[in-house]
Amino acid sequence: EVQLVESGGGLVQAGGSLRLSCAASRFTFDDNVIGWFRQAPGKEREWVSCISATDGGTYYADSVKGRFTISSDSAKNTVYLQINSLKSEDTAVYYCASDPLGGCSRRTSEYPYWGRGTQVTVSS
């Protein structure tokens with residue numbers, strides 16, 4: 001089955017940056033949609049961004065536009081999420097997920113495969 005592993009999280013001061021990675025096995029990223037989600041304690045899982053295998057397009061939630069950038073490296077079968085200008089409200093566990101059917105979606109139900117997450121903590 002598809003396996004996804006996130007990495008790159010950590011403790012960062014407000015205004016700092018992180019780059020998260022999502023490494024995939026048992027499938028090719030080029031044939032799938034990859035989405036990034038995050039979940040803060042006591043809150044619902046929130047869609048952050050996705051990259052489309054259909055047209056290569058990238059999409060972002062309004063809360064992260066201008067600060068987050070999603071990209072991919074096909075040779076490494078890895079998708080990245082560059083996070084700049086971190087705010088305290090960015091503190092969450094960040095998950096990557098794959099959708100083999102294609103087409104970016106904001107709904108968690110559209111993604112059958114998930115990583116276990118990486119913690120991002122922003123201090124002020």
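**Notebook: strands and their neighbours**

I started with β1 and β3, and found that they pair in the antiparallel sense over five bridges. I am reading a predicted model here.

I found an open sheet of four strands, in the order β1-β3-β8-β7, with antiparallel pairing. Its edge strands are β1 (3-7) and β7, each of which pairs on one side only. From one strand to the next, the twist averages 20°. A reminder to myself: strands of a sheet pair through backbone hydrogen bonds, either parallel or antiparallel.

Then I turned to strand β4. How many of the seven residues of β4 (residues 33-39) are buried? I noted six, so this strand is largely enclosed by the rest of the structure.

With β5 (residues 46-51), the pairing is antiparallel over five bridges, and Trp-36 has Ser-49 as its bridge partner. The hairpin of β4 and β5 has six residues between the strands, and I spotted Gly-42 in it with a positive phi near 75°.

Last, I met Trp-36 again in the largest nonpolar core, which has 32 residues. Trp-36, Phe-68, Leu-81 and Tyr-94 touch the most other members.

Methods: Residues numbered from 1 in each chain as written. Predicted model: local features only at pLDDT ≥ 70, side-chain atom pairs only at ≥ 80, totals over all residues. Heavy atoms only, no water. Buried < 20%, exposed > 50% of the residue type's maximum accessible area, 1.4 Å probe, protein only. Helix = DSSP H or I, 4+ residues; strand = E, 2+ residues; numbered from the N terminus. Pairing = 2+ DSSP bridges. Core = buried A, V, L, I, M, F, W, Y, C linked by side-chain atoms within 4.5 Å. Axes fitted to C-alpha atoms, helices over the stretch in contact; angles between N-to-C directions.
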